[in-house]
Amino acid sequence: MSWGRSRGYKVAVIDILDSLHILKAKARLAGLDDGVLDSVKVIKIGGTIETGEVVGWIRDISEPVILAKKFMETYTKLLESGGPTLTAVVGLEKLFVASEFSPKNVQVIISAISKYVGDERRLSVQFLKANVIDGMRQPVVRLLEDLATTVIQISRKDRATEFRVLKSVDPKLEGMTIKI
């Protein structure tokens, strides 16, 4: 968030099924400053807990076609409100687990995401807990990775966190590993 703001980006979060609230609570419990999340613009998809400055709330997620249409309307307004936007998507895996897993529904969700690939008004970071999506649904993870310009795998080993670039449009980044 700080990185984006320091570079002139508006910061927005797509909060799927209260994932932002959970992240905020965990940050607070870990002793981190969670106040930065209070002023971030949020588009909520499902869920019941208001976190951040909610600019749009799509409450019914039962029909992916309607969900995608409402999301695109809300997100496009946000992008058109001036200046580049750094968008963090949290809880994306919940959308695939919570929706009926039919090829049509997956196609609708993937199409809604792919519409914004290459849109220079935004930089998007999509956090996906791939291990939440069961084996039958792993092709969805591969589709999402295919859409992404960069895929970074984050893993914990003992007390270290490892960031590994699995794919990037920048050949210098591909294969890079950073341990913290």
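The model is predicted, and one cavity of 30 Å³ or more is present in the structure. Helix H5 (residues 103–114) is among the elements that supply at least two residues each to the lining of this largest cavity. H5 also packs against helix H3 and helix H6. A separate topic is the second largest pocket, with about 180 Å³ of space.

**Largest cavity**

- The lining of the largest cavity is made up of 20 residues, and those closest to the centre are Ile 45, Phe 71, Leu 92, Ala 112 and Ile 113.
- At least two lining residues come from each of strand S1 (10–16), helix H3 (64–79), strand S4 (85–90), helix H4 (92–98), helix H5 and strand S5 (122–126).
- H3 contributes the largest share of this lining, at five residues.
- Sorted by class, the lining of the largest cavity holds 16 nonpolar, three polar and one charged residues.

**Packing of H3 and H5**

- The axes of H3 and H5 approach within 9 Å, with a crossing angle of roughly 10 degrees.
- This angle is under 35 degrees, so H3 is roughly parallel to H5.
- On the H3 side the contact involves Pro 64, Val 65, Ala 68 and Met 72, which meet Lys 104, Asn 105, Val 108 and Ala 112 of H5.
- Six nonpolar residues, one polar residue and one charged residue form the contact of H3 with H5.
- Ala 112 takes part in this contact and is also listed with the residues closest to the centre of the largest cavity.

**Packing of H5 and H6**

- H5 and helix H6 (residues 138–147) have axes that come within 11 Å and cross at roughly 15 degrees.
- H5 and H6 are therefore roughly parallel to each other.
- Their crossing is right-handed.
- From H5, Val 106, Ile 110, Ile 113 and Ser 114 meet Val 140, Leu 143, Leu 144 and Leu 147 of H6.
- The contact of H5 with H6 contains seven nonpolar residues, one polar residue and no charged residues.
- Ile 113 belongs to this contact and is another of the residues closest to the centre of the largest cavity.

**Second largest pocket**

- The residues lining the second largest pocket are Thr 150, Ile 152, Phe 163, Arg 164, Val 165, Leu 173, Met 176, Thr 177 and Ile 178.
- Strand S6 (150–157), strand S7 (160–168) and strand S8 (177–179) each provide at least two residues of this lining.
- S7 gives the most, with three residues.
- The lining of the second largest pocket comprises six nonpolar residues, two polar residues and one charged residue.

Conventions
Residues numbered from 1 in each chain as written. Predicted model: local features only at pLDDT ≥ 70, side-chain atom pairs only at ≥ 80, totals over all residues. Heavy atoms only, no water. Axes fitted to C-alpha atoms, helices over the stretch in contact; angles between N-to-C directions. Helix = DSSP H or I, 4+ residues; strand = E, 2+ residues; numbered from the N terminus. Parallel < 35°, antiparallel > 145°, perpendicular 65-115°, else oblique. Left-handed = near helix turned anticlockwise from the far one by under 90°. Contact = heavy atoms within 4.5 Å. Nonpolar A, V, L, I, M, F, W, Y, C, P; charged D, E, K, R; others polar. 1 Å grid on protein atoms, 1.4 Å probe; cavity = no way out; pocket = protein on both sides within 12 Å on 5 of 7 lines; lining within 4 Å. Points joined across faces, edges and corners; volume = space filled by probe spheres on them.
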